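Me: I would like to go through the terms used for this structure. Please set each value against its definition.

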Amino acid sequence: SVLLPDAPLLQQGVEHLRGVVDGELAGFHAGDSVDLLGDLVAPAAAANPGEFDYSDYLRGRRTRALVRCGNTAAVQPCNDALGAEPGWGVARLSGAAERVLISRLPTGQAEIAVALLLGRYELLEEDVTERYMRTGTMHILAISGQHLAILAGFLWLILRFVPIPRKWGAIMLGLIVVSYALLTGARPPVLRAAVLVCVLIGAIVLDVRSRRANPLALALIIVLALNPSDLFDRGLQLSFLAVAALSWIVRPAWTWLQGTPDPLHQLLADIRPLWQRAVLAAGRAVLFAFVMSGVVWLANVPLLASRFHVFSPIAVPLTAILTPVVTVALIAGLGLLVLDPWLPKLTLLLAKICGWGVAAMDWSVQEGAKVPGGHWYVAGPPDWWVSVFYLGMAGVLLFRPVGRVRWRWFSAAVAWLALGFALPALRSAPDNLECQI
């Protein structure tokens, strides 16, 4: 409401601002209207090579200036609500959901549940974020396609027992998924997953099929049309890489696990006791989860090493182990948010289940971070090496080489990987003293 402006910033035509307050604001929640008194300043650019550029990040979100308030007294509630602001109602709803989780779950679990269910990471302690980064399981907390896939799969299973037409059930599912994506902020990975779900629902409604790459391409077009700078968002890059790798390996991996159909083997399987069939099915599911986790990790390793400078093989078993735990916590948490105003006794049980799931997830990550050799920090390959690697990966996915051509592609990939590992070793050691702070 009151700004002490910086003239050059005003000449640039500032449209979006972000407030920064020195201190902890108590009693304010997402969607509240406030009066600010502060200085209008430009975001600081990166001061060191390779450092995260906060000003570049904000510019990609159409934010060119900050309102810096010296203390919490510079922020006062405002009764004149600006309801016309896009997303204002969604922000208030998200803030109400955050307050429900904080009031229902114990301290420590509530902050992780807010990140898991709503995509809000401001409440997380630095050591919590650090251990998820070290173990390569940050995607478990980040709202992504995995979360929407769990939600959509669970709702689709529930709708099978509801007496409504299949197409109307698919439309209802699409509306719920889109609403949840908006509630969590509609970040690029979430938007990509929501578009994919909507495309699949459209295929059900229209009784059509498409190539596996087409829904992914449509999702990328829509995300970039809304904000072209998201092309350089690391979350979006990792998300699309994971989906592309999974679309290439899911069907062959599942066929390999099932084995070649044999009438004799099928007959023997049918006469086995129920517990044996259940154990075999569970074993195949666990092995399939490990294969999928390994494929996604291998596809993302060069980009993770280049951007985050960490190499975390422990992410493969942890992701496979955490998936069922995250599913339980996510479904129970969403049930808690939906039913809290009407069924308080049931929500007590859902809060317990969600808390147990979050506690088990966090304990697993803590123990995984202690495993020797589970992670180590690396300098990371240069951008040009990463670009050539993913161009080659795209060539394999598009052209699917066979026979001798496949072995040539494989040999080229091994040579390129060897070059990537050899480059840091070939650098000459400097003669002068270097201090990294």
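Me: What makes the nonpolar surface patch of about 440 Å²?

Reply: This is a predicted model, where local features need pLDDT of at least 70, side-chain atom pairs count only at pLDDT 80 or more, and totals for chains, interfaces and linings use all residues. Residues are numbered from 1 along each chain as its sequence is written, and side-chain values use heavy atoms, without hydrogens and water. The patch is made by Phe-154, Ile-158, Val-162, Ile-164, Met-172 and Ile-176. Helix 7 (145–159) and helix 8 (166–183) each give two or more residues to it. Helices here are DSSP runs of H or I, at least four residues, numbered from the N terminus. Nonpolar side chains (Val, Leu, Ile, Met, Phe, Trp, Tyr) are joined within 5 Å. Areas come from the Shrake-Rupley method with a 1.4 Å probe, and for residues only the protein chains shown count as cover.

Me: Why does Phe-154 count as partly exposed?

Reply: Phe-154 lies in helix 7. Buried means under 20% relative accessible area, exposed over 50%, partly exposed in between. Phe-154 has 35%, so it counts as partly exposed.

Me: Why is Ser-94 called buried?

Reply: Its relative accessible area is 4%, so Ser-94 is buried. Ser-94 is in helix 3. Leaving aside neighbours within four places in sequence, Ser-94 is in contact (heavy atoms within 4.5 Å) with Leu-118, Arg-120 and Leu-183. Other buried residues of helix 3 include Gly-95, Ala-97 and Leu-101. Their cover includes helix 4 (109–118), helix 8 and helix 14.

Me: How do you know that the span of helix 3 agrees with its number of residues?

Reply: The expected span is 1.5 Å times one less than the number of residues. Helix 3 (residues 88–104) has 17 residues, so it should span 24 Å; its end C-alpha atoms are 25 Å apart, which agrees.

Me: What makes a nonpolar core, and which residues of the largest one touch the most other members?

Reply: A core is a set of buried Ala, Val, Leu, Ile, Met, Phe, Trp, Tyr and Cys residues joined through side-chain atoms within 4.5 Å. The largest has 50 residues; Leu-101, Ile-112, Leu-118, Leu-141, Tyr-180 and Met-361 touch the most other members. Helix 14 (residues 315–339) gives the most to this core, with nine residues.

Definitions and conventions: Patches are made of residues with over 30% relative accessible area and no salt bridge: like charges are joined within 9 Å, nonpolar side chains (Val, Leu, Ile, Met, Phe, Trp, Tyr) within 5 Å. A salt bridge is a side-chain nitrogen of Lys or Arg within 4 Å of a carboxyl oxygen of Asp or Glu. Buried means under 20% relative accessible area, exposed over 50%, partly exposed in between (1.4 Å probe, protein chains only).
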